[in-house]
Amino acid sequence: MVAIQLRQLDVPPGKSLLLRDVSWAEFEAILAELGDRRRTRIAYDNGLLEIMAPLPEHEYFKETLGDAVKDIAEELDLEFESYGSTTWQREMQQAGLEPDNCFYFQNEALVRGRLTFDLDQDPPPDLALEIDLTSKSLNRFPIYARLGVPEIWCYDGGVLAMYLLQGDRYNQAEQSRVFPTLDIRSLPQLIEAHRSLGRLALRRAVRTWVKESA
């Protein structure tokens, strides 16, 4: 058997590497070796491990939609916590994942100021963001379902779709549970109309849209 060190693996931006027959202990060891200061994202599903390197476009929309969620929450006077691309994992479910961004709303009071989590005892994030699903070779929905995340927003090719967890699977929805009074699906058009004006102008546009829509 040939042993390859993780530092020997170079995943180009926009590409992913899929490893098979990875045990939970190996998954945790890989996480430790990769460390927190890295540009790659991981997902683990019952022995399958994906390591993905995002493109700049991916990161732009991750940040832009993440900012939009925060701006919407502030305009609606909703308390929230944001935990970015935290690694969420449940060994009993053989599931682990790093979302593009994630937020607590309904369960915010239960996690306020928390720096460590155990999903066997703590609630998962109420909302997760996923950018460019088509560039990822490992289906993330079953992982999210086993982690128990109630709502996912998926942005791909100018379209923002919302999925709500019902039982053990996600169904596409027309309205968000987190922001039920807003037409969240129109956010990509708002972003595109203001993208060339700069980030401050875009964030002001999102806040104005909330005031006019709520």
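User: How many bridges join β7 to β8, and do they run parallel or antiparallel?
Analyst: In this predicted model, strand β7 (residues 101-104) is antiparallel to β8, with three bridges joining them. In that pairing, N101 stands opposite L129 in β8.

User: And what about β8 and β9, parallel or antiparallel?
Analyst: Parallel: five bridges join β8 to strand β9 (residues 151-156). There, L127 stands opposite E151 in β9.

User: Is β8 mostly covered or exposed?
Analyst: Mostly covered; five of its five residues, 127-131, are buried.

User: Which residues point which way from β8?
Analyst: L127, L129 and I131 point one way, while A128 and E130 point the other way, and all are buried.

User: OK, switching to α1. Which residues are buried there?
Analyst: In α1 (residues 24-34), W24, F27, I30 and L31 are buried. These four sit on the same side of α1, because they cover an arc of only 120° around the axis.

User: Why would residues spaced like that point the same way?
Analyst: An α-helix has 3.6 residues a turn, so residues three or four places apart point the same way.

User: What covers the buried residues of α1?
Analyst: The cover includes β2 (41-45), β3 (48-52), β5 (88-90) and β6 (95-97).

User: Which exposed residues are on the face turned away from that buried side?
Analyst: A25 and A32 are the exposed residues carried there.

How values were computed
Residues are numbered from 1 along each chain as its sequence is written. This is a predicted model: local features need pLDDT of at least 70, side-chain atom pairs count only at pLDDT 80 or more; totals for chains, interfaces and linings use all residues. Side-chain values use heavy atoms; hydrogens and water are left out. Buried means under 20% relative accessible area, exposed over 50%, partly exposed in between (1.4 Å probe, protein chains only). Helices (H or I, at least four residues) and strands (E, at least two) are DSSP runs, numbered from the N terminus. Two strands pair if DSSP finds at least two bridges between them. The arc is that of the directions from the helix axis to the C-beta atoms. Contact means heavy atoms within 4.5 Å.
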